[in-house]
Amino acid sequence: MKRSRNVKIVATLGPASETYETIRALHEAGADVFRLNMSHGSHPEIAEKHKIIRQVEKDLDSPIAILADLQGPKLRVGVFANGAEELEEGAKFRLDLDEAEGDAGRVCLPHPEIFQALEPGAHLLVNDGKIRLAVDACGPDFADCTVETGGTISNRKGVNVPDVVLPLAALSEKDRADLEFVCDLGVDWLALSFVQRAKDVYEARSLADGRAAVLSKIEKPQAVEDFEGILDASDGIMVARGDLGVELPVAAVPPIQKRLVRKCRAAAKPVIVATQMLESMIESPMPTRAEVSDVATAIYEGADAVMLSAESAAGQYPVQAVRTMDKVAIEVEADPTYTQIIAASRSAKGTTVADGIVAAAREIAEKTEIKAICCFTQSGTTALLTARERPGVPIIAMTPVSATARRLCLSWGCKCVMTPELDRFKGAVVNAARAARAGGYAGDTDQIVVTAGVPFNVPGTTNILRIAPCDERLIYSTDPE
């Protein structure tokens, strides 16, 4: 499926997008990755969506990545005798472990680990931050608070604790069961919710055991503080601005987003910008100008992917939402300012042979009439390093490993092509030329850059760069064996 853009689109599946027809239409409209939200849907329902995606992939002969988003620990208050209460600013309110129904003065918070971590002066945010409580005094089974921002509190509303690192297991029992299920099912990426520190990621990596790449969602202040460690432990990152905007001042989120995107790019790891990107399209066929600007900003920053959540999962216009993102991306990437920003933010990090080869490939491609960079990759590392360079020509990632092709669907600019295992460099060049022509990226009279590693089919051996003609007769007459 040829795209006219480099940034990728992630679409969440849900009640509005669970049939074969809709999922196929979403992919044809521009969705490169499908997100399965493990907070919703039973295992049989998730398995059915997975089956449909793989059928679409087969029918269209187009690699598709599947991302399973684990729910993570959910913190919620208990229930109220009246169903809801109105908390007034300045009023006193207690949270405790008493399972009795709540009233205007107290409610159960069935999470002893929160009370273990709280200190006077900390804050608790209820219902996406609409209610803000300041802790006056606390113990192992209670927290006496003052209402700083009032509002309606009702049954089982979510609670955020922005000021402290909670002694919570990164993966709940549900998460562990879901992780095992989706890894056996064959998803390509696992997204971890409410990551606080690097060791949370290592636990998930150990359980996944190489069956899926691990992506950390940055949605807590503690994750921002330990971002370097989390990035090092992860295969990718999602800047999940919803909870991040609840636990941090909303004005702090844009600069954090920009910093995290740049750090991910420097590390050659894909980064998704997510949450409320085209929120109004849940109910409207047209986005707001502010939403279009938000999507464009993420693309100008160099994000690998932008994501739709409820817009494609439960909205009335899922396919239109994907088309809108696609159009915005095409328009932004055609802007000369985009090219200037991407070039100015290019990092010169990396001292390996592979780093040098991908940097040279990009420079050659941009200074000559080269039509594409074809990189042969076993694990995906060479393609990721090439994507970090953000070249001005298409990246054709060629691999004999289907899991690698699918995972690279999340990475900027990568057009993934399956190829048989090769043992001779001339065969690699011929396959690259055929892929460039078949994909419409080059013609018989054009040239491409080919990068590969010898010996073949060994990860981490990129050591060859070849300028090759797309005319196979010239390849056979000029290339070494």
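## A buried threonine

Thr386 is buried, with a relative accessible area of 2%; buried means under 20% relative accessible area, exposed over 50% and partly exposed in between, computed with a 1.4 Å probe on protein chains only. The model is predicted: local features need pLDDT of at least 70 and side-chain atom pairs count only at pLDDT 80 or more, while totals for chains, interfaces and linings use all residues. Residues are numbered from 1 along each chain as its sequence is written, and side-chain values use heavy atoms, with hydrogens and water left out.

Thr386 belongs to helix H15. Helices (H or I, at least four residues) and strands (E, at least two) are DSSP runs, numbered from the N terminus. A polar atom of the Thr386 side chain lies 2.8 Å from the backbone oxygen of Thr382. When residues up to four places away in sequence are not counted, Thr386 touches Val358, Ile373, Cys375, Pro391 and Ile395; contact means heavy atoms within 4.5 Å.

## The annotated domain

UniProt, in an unreviewed entry, lists residues 356–467 as "domain: Pyruvate kinase C-terminal". Such annotations may be inferred rather than shown by experiment. The span of residues 356–467 is 37% helix and 24% strand, and its end C-alpha atoms lie 16 Å apart.

## The cavity

The structure holds one cavity of 30 Å³ or more. A cavity is a set of points on a 1 Å grid, over the protein atoms alone, where a 1.4 Å probe fits but cannot get out; lining residues have an atom within 4 Å of a point. The largest cavity contains about 60 Å³ of space, where a volume is the space filled by probe spheres set on the points, and grid points are joined across faces, edges and corners.

Helix H9 (253–266) and helix H15 (381–389) are the elements that give two or more residues to this lining. The largest share, three residues, comes from H15. Among the lining residues are Cys264, Arg265, Leu384, Ala387, Arg388 and Trp412. The lining divides into six nonpolar, one polar and five charged residues. Here Ala, Val, Leu, Ile, Met, Phe, Trp, Tyr, Cys and Pro count as nonpolar, Asp, Glu, Lys and Arg as charged, and the others, Gly among them, as polar.

## An exposed proline

Pro120 is found in the loop between helix H3 (112–117) and strand S7 (123–126). Pro120 is exposed, with a relative accessible area of 58%. Leaving aside neighbours within four places in sequence, Pro120 is in contact with Val135, Asp136 and Cys138. The C-alpha atoms of Pro120 and Ala143 are separated by 8.7 Å, and these residues are 23 residues apart along the chain.

Notes:
1 Å grid on protein atoms, 1.4 Å probe; cavity = no way out; pocket = protein on both sides within 12 Å on 5 of 7 lines; lining within 4 Å. Polar contact = N/O pair within 3.5 Å; in protein donor to acceptor, adjacent residues only side chain to side chain.
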